[in-house]
Amino acid sequence: MRSIWNGAISFGLVSIPIKLVNATESRSVSFRQIHTEDGGRVRYKKVCELDGEEVPQAEIGKAYEDADGTMIPITEEDLASLPLPTAKTIEIVAFVPAGDIDPLQMDAAYYLSANGVPAAKPYTLLREALKRSEKVAVAKYALRGRERLGMLRVVDDVIAMHGLLWPDEIRAPEGVAPESPVSVRDAELDLADALMATLGEVDMSTLHDDYRTAVEEMIAAKAEGGEGVAPPAAGEESGGGQVIDLMAALENSVRAAKQARGEEEGEAEDEGKGRAPVTPLKPRASRAPKATDAKKSTSKTAAKKTAAPARKSTSKTATTKSTATTKSTATKKTATKKTTATKKTAAKKTTAKKATPRKRTA
């Protein structure tokens with residue numbers, strides 16, 4: 001990258017030769033002015049007001065206009081002879097936390113490159129000192145005819161400098177805030193928090209200039225003999241109309257953000273209304289009855305239906321068979337049938353015994 005300024009960083013008694021390189025570049029599409037009648041290029045000519053002649057760039061100088069309109073010529077030699085220590089030096093005056101710098105003061109950004117091999121050691125020393133202190137350096141420097149304020153910080157392995165506006169160049173925000181009193185409800189703040197959480201964070205490297213892309217596509221289409229790009233449909237324009245229902249707008253915003261991230265619509269509606277999404281419970285799997293229950297039931301039934309010794313023996317036999325047949329469902333059913341048949345047989349025998357009259361001996 002081409003340097004735009006050569007000088008040195010003054011770090012106490014340490015001097016670090018550096019080169020100043022632009023850290024940013026403009027990617028905006030530039031246009032030329034033309035004569036709409038014939039398409040001819042319209043150019044500006046620098047003309048002297050006294051003789052009406054065009055003046056070449058080599059003959060153009062600087063002057064300060066006094067209050068009465070008098071022009072006071074200022075030459076480059078006059079500016080170079082000013083007793084400024086920052087004429088060719090970035091003079092560090094303090095080290096402060098980065099949070100002390102108001103973002104409103106941020107201006108152009110530059111990279112500082114070590115100028116030559118001898119500058120590598122002090123350059124690295126300053127870079128590592130900035131890293132360890134977790135602070136930024138406030139400095140003064142002169143560029144393009146004026147003294148400026150700057151902030152030095154570390155970006156990767158390079159020292160970067162942000163031009164800063166002077167504190168008296170920042171205008172106070174008087175008359176900017178809403179004048180009428182406005183109250184915000186907690187429910188509205190909750191929805192705003194939900195919207196912020198839904199939008200989440202973003203990888204800054206993925207952001208791009210959609211307007212510039214559209215302009216380039218339009219220029220390409222017209223260059224090929226077309227009519228440019230079609231204007232957006234009436235429904236696609238996002239107007240800046242007045243918001244009538246703030247709560248509804250916030251709810252719709254949360255829902256749209258959820259859908260844009262591929263989440264289900266039901267979850268978006270629940271969270272947009274301040275309710276947590278409900279997850280349906282899965283039905284529990286049915287469990288087979290325990291074999292011990294069957295054993296107990298069979299044993300109890302057999303014990304109730306008979307009190308004779310023969311019936312107890314039958315009950316024990318049925319219980320033993322039921323226990324042996326719990327290994328499979330089919331065998332269990334067979335055992336149950338056998339047990340039932342045995343119970344009925346035992347019951348019949350008992351009834352027959354009771355009905356037969358005993359013979360008396362004479």
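T198 counts as buried, at 9% relative accessibility; "buried" is the word for anything under 20% relative accessible area, "exposed" is for over 50%, and "partly exposed" covers what is in between (1.4 Å probe, protein chains only). You'll find T198 in helix α3, residues 186-199. Helices (H or I, at least four residues) and strands (E, at least two) are DSSP runs, numbered from the N terminus. T198 and V254 sit 56 residues apart in sequence, but their C-alpha atoms are 6.8 Å apart in space.

Before going on, keep in mind that this is a predicted model, where local features need pLDDT of at least 70 and side-chain atom pairs count only at pLDDT 80 or more, while totals for chains, interfaces and linings use all residues. Residues are numbered from 1 along each chain as its sequence is written, and side-chain values use heavy atoms, with hydrogens and water left out.

Now for the barrel. Seven strands close into it in the order β1-β2-β6-β9-β8-β7-β5, with mixed pairing. From one strand to the next, the twist averages 40°; the axes here are lines fitted to C-alpha atoms (for helices over the stretch in contact), and angles run from 0 to 180 degrees between N-to-C directions. Two strands pair if DSSP finds at least two bridges between them. Here are some of the pairs:

| Strands | Sense | Bridges | A bridge partner pair |
|---|---|---|---|
| β1 and β2 | antiparallel | eight | A8 and P17 |
| β2 and β6 | antiparallel | five | K19 and S113 |
| β1 and β5 | parallel | three | A8 and T89 |

Let's look at the turns. The hairpin of β1 and β2 has two residues between the strands, and G12 takes a positive phi near 70° there. Another hairpin is formed by β3 and β4, with five residues between them, and G69 in that turn has a positive phi of about 90°. Strand β3 (residues 62-65) and strand β4 (residues 71-74) pair in the antiparallel sense over four bridges, and A63 stands opposite P73 in β4.

Next come the rings. A search of the whole structure finds one aromatic pair. The partners are F11 and F95, edge-to-face, at 5.9 Å centre to centre with 70° between the planes. For the rule behind that, rings of Phe, Tyr and Trp (its six-membered ring) pair if their centres lie within 6.5 Å; planes under 30 degrees apart count as stacked, over 60 as edge-to-face and the rest as tilted. F11 lies in strand β1 (residues 3-11) and F95 in strand β5 (residues 89-96), so the pair ties together parts that are 84 residues apart in sequence.

Finally, the largest pocket holds about 360 Å³ of space. Of the 15 residues that line it, the closest to its centre are L79, A80, A87, A142 and G145. A pocket is an open set of points on a 1 Å grid over the protein atoms alone, with protein on both sides within 12 Å along at least five of seven lines, and lining residues have an atom within 4 Å of a point. Helix α1 gives the most to the lining, with three residues.

Conventions: On a 1 Å grid over the protein atoms alone, a cavity is a set of points where a 1.4 Å probe fits but cannot get out, and a pocket is an open set with protein on both sides within 12 Å along at least five of seven lines; lining residues have an atom within 4 Å of a point. Grid points are joined across faces, edges and corners, and a volume is the space filled by probe spheres set on the points.
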